[in-house]
Amino acid sequence: MCFLPPVSQDARSPTESYFMWLWHSRLYLYSAAALVFGLWFLLKKKSVSKDSSKEENDKADKAPKKNDRETKEVHVSGVKIFYGSQTGTAKGFANELSEEVKALGLPAEVIDMKDYDPDDQLADECISKSVCVFLVATYTDGQPTENAEWFCKWLEEASTDFRYGKTYLKGLRYAVFGLGNSVYVGHYNTVCKNVDKWLWMLSGRRIMTRGEGDCNVVKSLNGSIQADFLAWKVKFLNRLKTLAKGEKKNCSGKCKTEGSCKNKRKERQEEEKKTSPQNNSSEDDLVESSSDEDEFGLPDEKKTVLDVEDLGNIMNSIKKAKSKEESQRDGQMVKLSKLNGVQKIEDEGERREMITPALREALTKQGYKLIGSHSGVKLCRWTKSMLRGRGGCYKHTFYGIESHRCMETTPSLACANKCVFCWRHHTNPVGTEWRWKMDPAEKILEDALEKHQNMIRQFRGVPGVKPDRYEEGLAVKHCALSLVGEPIMYPEINNFIRLLHHHQISSFLVTNAQFPQEIRSLVPVTQLYVSVDASTQDSLKKIDRPLFKDFWPRFLDSLKALGEKKQRTVYRLTLVKSWNVEEMQAYSELIALGQPDFIEVKGVTYCGESSASSLTMANVPWHQEVVTFVQQLADMLPEYEIACEHEHSNCLLIAHTKFKVDGEWWTWIDYERFQELVQAYDESGGQQTFSALDYVAKTPSWALFGAQEQGFDPAETRFQRRNKSKDISGC
């Protein structure tokens, strides 16, 4: 075997040496090539973009310029950030969010809730293209902070008030973030949940998921409340950018890509379910609460209007559970016979409270302040109006009461009728006799005054409320026993009326003309009303739907009993179009039967849809229709003339001519004189009587029928609500 000698490096050819050099330097060569290619690509791209921008500019120069009217449409005019803060955290978040919004080129305004009047201004946000953000903290016991208390109270009442309507805030775009602490399990972020719910019930449009910040770092999703807000803020700002660009219209589903559209709609629906404020076990409540029937908080199983008769099954089960407990209670149960009003002592086991738990929840949700087991008090909207100097109710125009000093209450929430125009869709109990536990009159009046004054105190510092009216409102001067139910059913009604007069409070009592014996035994009141809702037996049955089988004889006997009274008496006629406005002759006969001092004629107020009533807006007469009816009725009554008018309430007053002295009307009341007369009556044991003409006062010219003011006090300031499409006329 032979071996070739190794080839020396010097013996290699130049070509081989060159390739060997390339191989060893390949990494450097690759890097240099990449660098050169990169520089070439960047220079070429810059050249292309420069040419394209030049071409676009040339096109823009050639294109005709748009007029100012053709400028780009504005989809978001700005952001208003409302805060309810106790320690300043929410206020800090509001200012922080405001700066972020301004950085996007949008106007932003931070608003302290105590400086904002939702009754006057919130409806304006529906048409201003603004986005409203609510940063609200939950304070002690799940209540709003002090500066947000009035705003939340107004929002709660408006969401269940038929006079505002379900679509009052339609068009409002909003987002809510709450500040709470999950340590308080029962009250965690309840304020933000409620605000979200109430806005939704008024048809506000939620633009994104409600955010909930947690001060409890252990359970906070992001580690702290600041981090929770930051995460929510990022989502909000992204959503705001989308809104500012203008959202595309939803696909109708008729395009060629229908399958994909359906998928998108399905995804959107699933997302809406996730973003609804009811995730925290309240989804059913929020969806159902948009209906009038459920606004009263009735049982979830039915979600329908509930009367005492409808509670039979519930009461049977409750009676079995409570029969042993009830049999051990002390005291007696007072019963009023439906035939003669004689009081009887019933067996102990039959006594029960009038207000069941379900009814208590329903009435409380409506804004009633319940007293004991069968009474209630509520703040009238005219009281609120006159506190602001915006005018009083028709009783101010007709009789000179001070609406801001009037307390609306009742010692009996139960009623013997189920009228089609009932304000509360019959969530109050019904019955023909008193079969419930009875509270003393002293306790009812004491609690009523206290609760009424507490409601007045909530107006302290509210924008628009006059300080002098506020101070006067704390001293109750008038009491309207016409809230709901049948006050005259209360066995101690006479004692209650005497207590009112003892406190120098005038009394206006309304009865539904089904208790003639109680009317006859009634002590003198400042003014006694009987509701005459129809003039024939058939129409009364359709409108009032009385529970008594002998309702018509009772009705006629009640009118006769009213005619026997010496103090001021009133027929109150409620006109329901297509139901009772054609019964002119029959009305005149009923007036001749009772010979009332005054006749109030008022158009019915629509109180919303209900399975308990077939009444619609078509049954509400226009004011001119009421005027025409009253003029025709007055022409048929030889001793009566039209005296006063309150156009705002769609109401007119027909008065007996005995109150017209030397061509001037004296329909107003001298309240101080009445108190003197009733005191003398009580001290004399009823021997020193007095009549309606003994405490009259002259009616001012602005209150008279035909006056330019149409019953509006010129000392007040007329307020025209901006959202005129809403019917908030009230009763």
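User: Why is Tyr18 called partly exposed, rather than buried or exposed?

Analyst: Tyr18, which is found in helix α1, has a relative accessible area of 48%. Buried means under 20%, exposed means over 50%, and partly exposed lies in between (1.4 Å probe, protein chains only), so Tyr18 counts as partly exposed.

User: What makes up the nonpolar surface patch?

Analyst: Tyr18, Phe19, Trp21, Leu27, Tyr28, Leu29 and Tyr30 form a patch of about 910 Å². Both α1 (14-24) and α2 (26-62) give two or more residues to the patch, and α2 supplies the largest share, four residues. Patch members have over 30% relative accessible area and no salt bridge, and nonpolar side chains (Val, Leu, Ile, Met, Phe, Trp, Tyr) are joined within 5 Å; a salt bridge is a side-chain nitrogen of Lys or Arg within 4 Å of a carboxyl oxygen of Asp or Glu.

User: Why are α19 and α20 called oblique to each other?

Analyst: Helix α19 (residues 551-563) and helix α20 (residues 584-594) pack at about 45°, with axes 7 Å apart. Angles under 35 degrees count as roughly parallel, over 145 as roughly antiparallel, 65 to 115 as roughly perpendicular and the rest as oblique, and therefore this pair is oblique. Their contact (heavy atoms within 4.5 Å) includes Phe555 and Leu559 of α19 and Leu590 of α20.

User: How are these values to be read?

Analyst: Residues are numbered from 1 along each chain as its sequence is written, and side-chain values use heavy atoms, leaving out hydrogens and water. In this predicted model, local features need pLDDT of at least 70 and side-chain atom pairs count only at pLDDT 80 or more, whereas totals for chains, interfaces and linings use all residues.

Methods:
Patches are made of residues with over 30% relative accessible area and no salt bridge: like charges are joined within 9 Å, nonpolar side chains (Val, Leu, Ile, Met, Phe, Trp, Tyr) within 5 Å. Accessible areas come from the Shrake-Rupley method with a 1.4 Å probe; for residues, only the protein chains shown count as cover. Axes are lines fitted to C-alpha atoms, for helices over the stretch in contact, and angles run from 0 to 180 degrees between N-to-C directions.
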